[in-house]
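Please find below a short note prepared for a colleague who wishes to review one part of this structure.

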Amino acid sequence: KMNTKLLLLIIIISVSIDILLWHHSLGGPYRSMMCPIPSLCNTAIVSGNTTEEFKFTANIAEDLLRNGDDIALQYVYYEEGKVLADVYGRQLSYGNYEGWDSNSLTMVYSSGKNIEAFVFMMLYDQNLIDYDQTIAHYWPEFANLGKQNITIADVLRHSGGFAIIDQLLFDVDSPNHWDDSHFGDIIANLPPQKESLTPNRAYHAIVRGTILNEVVRRVDAAHRTIGVYFDQEVNKVIGSEVYCGTLPTNRYQEVFRVQTPPLVHVLLNQLLPYFVQSVFPSLNLMNEVDVNFTKNILDTTSLFNRVFNTIVKGGGLPDQSQICQPKFWRMELPSVFCLSNAKSLAKIASIIANGGVFDGQRILKQSTIQEALSEPITVLDSFLGGVTTFTKGGFGELSLLNMPGYYGWGGWSGSMFAFDIKKKVAVGFVPIGTSKYVMNYFRAPAMTFNYTIF
């Protein structure tokens, strides 16, 4: 009898594990644990406004949420300066995101790099900078230790020699943490890394905005940083909400926090396929970019892991709980820590797509946009593990992020800032849940191109 009970217990445990594994191998990472078929019992609410032609965006948003591919999301689509879709929604069966709407703020990570690029277009528009001029021309101390020939365009293209800094530059517990000049002093006295210096490229995930900040503080008559400049010259003019270290602290309670997928999803949908494909390459379980990306994550000496030495003690890929918190929202680190929403990202992208005009008001010269989008250079990025194309003004061609024909860039969570100047369209996408997919970029393309991913 004891053996029978033990056998029965083993069978129950085995079946439970099998069900759990099956459960997590299908659907998204943010589905109800008690739901075997997510589309049947995950509930979601989707709101907003669309034209008849773009009603599919609301349907796809609901599918994404019911399938557990996100917890909450926002999507906005502009064409010729007009909003054709403004959709937002959230799961009702996961977490506490009551109050989430089209104006809600959250971290957009590297989508903030577009804000850096936009500020530099504004400075170029006023003849305050030249993309082909060296950083040292505006910031003489930067020339130290072989950096004298690095140009603004080099930094914007992620070929400025600073993919990594092997020290904790942004220590929130340091008394120098809020001293902008402290960051500049450190960078000025470091040599560039050859693997991320023109003609090579290694994505400047964190430090790009820090270098560019030093230029802005020197050419702007008021000596403002990127975050302050953008808040005063753009947010207050067009009604956008992008806060790169500038959100008033009394509004921190309004910010929704990004979530990381459960570990079992990472194991089943990233690590397991990676190891299986390493043994059986012909299976093609992952594309080349995702294979290289995962390899970089696992290699503690890789550029990818060393990058995070800059903001996390001990380095390595940080969890959302480590960095999606108020002490980082104050940081003047526009490459990583900007807070915004899809409505604002799309509004700003639409200025570029619409030739520099917003709501009848000229914000940028057409010639400035042409200059910023000129001279795209395509090269293998040793950080991202794939070929990337970046223009002189720092905008990426988005084929790597599944948005061919669009320029802009996306963030770690899967957020997206995208525009197509030929079609005069712009897209903003902001999620709360990071994706189970390695590069995260499937939700915004699905809502833009109307394709099924399930």
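The points below begin with the chain as a whole and then turn to one helix and its packing partners.

1. The coordinates come from a predicted model. The protein chain holds 17 helices and 13 strands. Of its 454 residues, 58% are buried. Among contacts with a separation of 6 or more, 67% join residues 24 or more positions apart.

2. Helix α4 covers residues 113-125. Its 13 residues reach 18 Å from the first C-alpha to the last, close to the 18 Å expected at 1.5 Å a residue. Just after α4, Asn127 adopts a positive phi of about 60°.

3. Helix α4 is mostly covered, with 12 of its 13 residues buried.

4. Helix α9 (residues 226-238) packs against α4 at an angle of about 65°, and the two axes lie 10 Å apart. Angles of 65 to 115 degrees count as roughly perpendicular, and α4 and α9 are therefore assigned to that class. Their crossing is left-handed.

5. On the α4 side, the contact with α9 involves Ile115, Glu116, Phe118, Val119, Phe120, Met122 and Leu123. These residues meet Ile226, Tyr229, Phe230, Glu233 and Val234 of α9. By class, this contact comprises 10 nonpolar, no polar and 2 charged residues.

6. Helix α15 (residues 342-353) is another partner of α4: the axes of α4 and α15 come within 11 Å and cross at roughly 45°. The two helices are therefore oblique to each other. This crossing, too, is left-handed.

7. Which residues make the contact between α4 and α15? Ile115, Phe118 and Met121 contribute from α4, while Ile348, Ile351 and Ile352 contribute from α15. The contact has 6 nonpolar, no polar and no charged residues.

8. Leaving aside residues up to four places away in sequence, Ser344 touches Ser240, Glu241 and Val242.

Definitions and conventions:
Residues numbered from 1 in each chain as written. Predicted model: local features only at pLDDT ≥ 70, side-chain atom pairs only at ≥ 80, totals over all residues. Heavy atoms only, no water. Axes fitted to C-alpha atoms, helices over the stretch in contact; angles between N-to-C directions. Helix = DSSP H or I, 4+ residues; strand = E, 2+ residues; numbered from the N terminus. Parallel < 35°, antiparallel > 145°, perpendicular 65-115°, else oblique. Left-handed = near helix turned anticlockwise from the far one by under 90°. Contact = heavy atoms within 4.5 Å. Nonpolar A, V, L, I, M, F, W, Y, C, P; charged D, E, K, R; others polar. Expected span 1.5 Å × (residues − 1). Buried < 20%, exposed > 50% of the residue type's maximum accessible area, 1.4 Å probe, protein only.
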